[in-house]
Protein chains: 2
Amino acid sequence: MDALAALRDRLAELDDLEGLMRLAAWDQRTMMPPGGGPGRAAQLATLERLTHERATADEIGAWLDALEDAGGELGDLDRDVVRLARRDYERRRRVPADLAAELAQAASEGQDVWQSARADGSFAAFAPALRRNVELARAYAECVAEDGQAHYDALLADYDFGLTAERVREVFGRLAEALPPLVAEAAARGGADAELEVPVDAQKAAVGAALEAFGVDRGSWRVDVSPHPFTSWIGSGDIRLTTRYDDGRLESVLAAIHEFGHGLYERQIPAELARTNLGHGTSMSVHESQSKLWENHVGRHPAFAEVLAAALGGAGFEITPAELHGALTVVRPTLIRVSADPVTYPLHIVLRFELELALIEGTLDVADLPAAWNDGMRGLLGVEVPDDATGVLQDVHWAGGAFGYFPSYALGVLIAAALWERLESDLGDRSEALRRGDVAEIRAWLAEHVHRHGRRLDTEPLVEQATGRGLDVEPFLRHARALVA
Amino acid sequence: MDALAALRDRLAELDDLEGLMRLAAWDQRTMMPPGGGPGRAAQLATLERLTHERATADEIGAWLDALEDAGGELGDLDRDVVRLARRDYERRRRVPADLAAELAQAASEGQDVWQSARADGSFAAFAPALRRNVELARAYAECVAEDGQAHYDALLADYDFGLTAERVREVFGRLAEALPPLVAEAAARGGADAELEVPVDAQKAAVGAALEAFGVDRGSWRVDVSPHPFTSWIGSGDIRLTTRYDDGRLESVLAAIHEFGHGLYERQIPAELARTNLGHGTSMSVHESQSKLWENHVGRHPAFAEVLAAALGGAGFEITPAELHGALTVVRPTLIRVSADPVTYPLHIVLRFELELALIEGTLDVADLPAAWNDGMRGLLGVEVPDDATGVLQDVHWAGGAFGYFPSYALGVLIAAALWERLESDLGDRSEALRRGDVAEIRAWLAEHVHRHGRRLDTEPLVEQATGRGLDVEPFLRHARALVA
């Protein structure tokens, strides 16, 4: 069992290094003076390189061989430690250092090019960088693919191990079929969705009230402001959310609630998994399901609108809970993903999935991407794209070389709805508790059915275990129909 | 020259890792929620261990051998890179991993024991931990000592390479002789030193005015609050100060100015030294000379009192520059080092140096330390120590295993005074510029005579280069006499 102790020591070390990387990235986005940029880039690159060295060292292979031979003698937890360690080790080992360096450089340069191309609205200026990223993503997929695995599926495995393009296409196909009529119905009705103009102080009061109700305390959480809201987990007792306050609407509140969902997932991972390779959220989809559950099903719940409206009123912004709920659940097709409403949002993702799959499979040329984008927006959402800046250039993901990431945004929405249905079927309707801001049972249910597994279950097994069904579109469609009704 | 590139890459990596350690420590003291404590300790220990491994690896020795053989072909800068790399490498290699681990553990446990012993005022409770630290410090000195080097001198080399107990004793002997009569004179006069009661908002205005005058901008600096003021340099364009506001006096302002001096040193290290082993302050004494120069000679300058008084007045706290200057330069013997005035301060250090030297040399037993402390306070400062909490237990250094550190506090005061005399002799009296808050020439003079060398000159050579003389007590004594007059 010396191999087990050695492996667990190394995994703890890797977890420490990854926590430090998250700390350095969090600091960069919230605290660091701009002059720290070049130094921080060097520090992060050094940490990345050392982590890679330590994660792919030959001795790990020897420990894993010994432990796999001794499989029967290991407890359940250690068997999972070894299983995931083998998976991570093999995937990382398959990427040559040169390719990893080229991927990192292309991602960094791609984001720079994208930033100015978007500012100029010029897709042509971005196309060469995108083409390079697509080619490198294929080369990367070639390295990490299991025997016979398609390139896109190999990429998907970095975000949601075990999912396939085929499975995603099946699920998203159902969305592409069922949602557009709902959206058209909502759009045709139009109506009373005047923009809110909420003063920042009132927004802050609502953010504070929501997070306090959820149990965000200063002992283990931080809440800061950053240009793009995000969550970081530095250690199991150190969870950090951000939000932003730069418009008069309530995106600040929804963003804080969304990020809380990510944070709570990491916060409620059991202590016995800390500093192992199992002690974090299992996948991008399941992580997103946690943020979307809190955003869509708690934050936008009509009963919770009473808590938020009271906080806004206390800060001098008078609004009835019903008006507030109406404003938070307006359905209206728009151009921009990040500010899309809960019903149209998944269609933005369906489009991106179809396009990136075609790029990776080679059935869509980069030059044809803007036209395909604009056609897709017309077909799925019924909107005309006036320019590339608000069209194909709006997201950073492809510029940063991330292909296979987008599906998790919509899968998270679907999983959130399925979990919420199951949660309410177990615990009963949440209206009364949410009116009081009481989420203790929701937290406990999520801890028991989702968080406690850490990485021990992958996306689909976890969803099956928690909901009793596989990935399922119907709970979300029921939720969407109720919002449009 | 491949060895040079390899060495420089490794040194850059080590500098990155050390920057990350400072970031993690800064975050721990300013931002981290308390629940992050255990995780952070593990992250820091991992970083420390990896850094040690990378800094002591055999290949470095091989690169150094090759470069020392090729000495003549190297430029000046690279010769210094190699010279310091050899020194650091040999010192780190001489400490066995077991001893390093034991030192770290004893330091951590010692600080815990000290904290509760100080709260209880019980030296007896602390004595065993202190004894263990003394023994481990001797064992450590035994490892790192050059041939025939005394234990204490070997310890001193971690803070001020090249200094010896003999040299420190000579310098401090002169202080022990010349200062007590001055202090007695000031104490006998007593007089108008009523405590200020400055509201926190006014303190903040004064801190802001001072730092703005000094050129602290948001592009490369942060200023935060922490229980113990400190400075951290995360990268050459990322300097972070803290201060604290927990009393009605102006320690907040003096602390911020003091920390600025540390920060400016690191900020003005030339870019060509960044990410080498030469790109930081050269020693504890010289670092402290920078903080003390700004604190004692700028912050407490009668002309700069006009800037501070104006800021205080603007925030509603009316005081004349002369009253303010008087309050900032009261001389009065007290029990506590950290709040001592500029004249009595070095005597607190003289006492600690004599005692720690005797502990390490074995001429003073730990059990006899409180009595020796109390005798020393009576002899040097003329004060009676009422209890160990405000006596021998007041500082954390020995609890954390730091022996040889204290002298730098007083040496810094002496070097600051010598640099200031030389600076004014080069630039002329600073009163007129300081009345306007103009420190541009001071910054430039320090950059040229101190900061630009990085670690290329050790303490004494640097002082000689900058002042034209060796370590010298007289400039400080002239300054002290002027304050008491």
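The two chains meet through 32 residues of chain B in contact with 32 residues of chain A, where contact means C-beta atoms, placed from the backbone, within 7 Å of each other. On the side of chain B that touches chain A, the elements giving two or more residues are helix H1 (2-30), helix H2 (37-55), strand S1 (221-225) and strand S2 (231-235) of chain B. H1(B) gives the most to that side, with 8 residues. Helices here are DSSP runs of H or I with at least four residues, strands are E runs of at least two, and both are numbered from the N terminus. By class, the side of chain B that touches chain A holds 13 nonpolar, 11 polar and 8 charged residues.

A word on the model itself: it is predicted, with local features needing pLDDT of at least 70 and side-chain atom pairs counting only at pLDDT 80 or more, while totals for chains, interfaces and linings use all residues. Residues are numbered from 1 along each chain as its sequence is written, and chains are lettered from A and ligands numbered from 1 in the order in which they are written.

Turning to helix packing, H8 (residues 165-189) and H14 (residues 345-361) of chain A pack at an angle of about 135°, with their axes 10 Å apart. Axes are lines fitted to C-alpha atoms, for helices over the stretch in contact, and angles run from 0 to 180 degrees between N-to-C directions. That angle makes H8(A) oblique to H14(A); under 35 degrees would be roughly parallel, over 145 roughly antiparallel, 65 to 115 roughly perpendicular, and the rest is oblique. H8(A) passes H14(A) in a left-handed crossing, meaning that the near helix is turned anticlockwise from the far one by less than a right angle, with clockwise giving a right-handed crossing. From H8(A), A:Ala165, A:Val168, A:Phe172, A:Leu175, A:Ala176 and A:Leu179 meet A:Pro346, A:Leu347, A:Val350, A:Phe353 and A:Leu357 of H14(A). This contact of H8(A) with H14(A) has 11 nonpolar residues, no polar and no charged.

In chain B, the axes of H11 (residues 284-299) and H16 (residues 407-427) come within 7 Å and cross at roughly 60°. H11(B) is therefore oblique to H16(B), and the crossing is right-handed. Among the residues making this contact are B:Met284, B:Val286, B:Lys292 and B:Leu293 of H11(B), along with B:Tyr409, B:Leu411, B:Ile415 and B:Trp420 of H16(B). The class count for the contact of H11(B) with H16(B) is 10 nonpolar, 7 polar and 2 charged residues.

Some helices are well covered. H10 of chain B (residues 251-267) has 17 residues and reaches 24 Å from its first C-alpha to its last, close to the 24 Å expected at 1.5 Å a residue; the expected span is 1.5 Å times one less than the number of residues. Of its 17 residues, 16 are buried, that is, with 20 or more other C-beta atoms within 10 Å of their own, against 12 or fewer for exposed and in between for partly exposed, with C-beta atoms placed from the backbone. In chain A, H12 (residues 304-314) is largely enclosed by the rest of the structure, because 8 of its 11 residues are buried. Those buried residues include A:Phe304, A:Val307, A:Leu308 and A:Leu312, and the buried residues of H12(A) pack against H9 (200-214), H10 (251-267), H11 (284-299), H13 (321-328) and H17 (431-435) of chain A. H12(A) is followed by A:Gly316, whose phi is positive, near 95°.

B:Ala205, in H9 (residues 200-214) of chain B, has 22 C-beta neighbours inside 10 Å and so counts as buried. Leaving aside residues up to four places away in sequence, B:Ala205 touches B:Ala311, B:Leu312, B:Gly314 and B:Ala315. A:Val144, in H6 (residues 123-144) of chain A, is partly exposed, with 18 C-beta neighbours inside 10 Å.

Most residues other than glycine have a negative phi. A:Arg275, not a glycine, has a positive phi of about 55° and lies in the loop between H10 and H11 of chain A. B:Arg275 has a positive phi of about 60° and is found in the loop between H10 and H11 of chain B. A:Arg275 counts as buried, with 23 C-beta neighbours inside 10 Å, and B:Arg275 counts as buried with 23 such neighbours.

Conventions:
Nonpolar A, V, L, I, M, F, W, Y, C, P; charged D, E, K, R; others polar.
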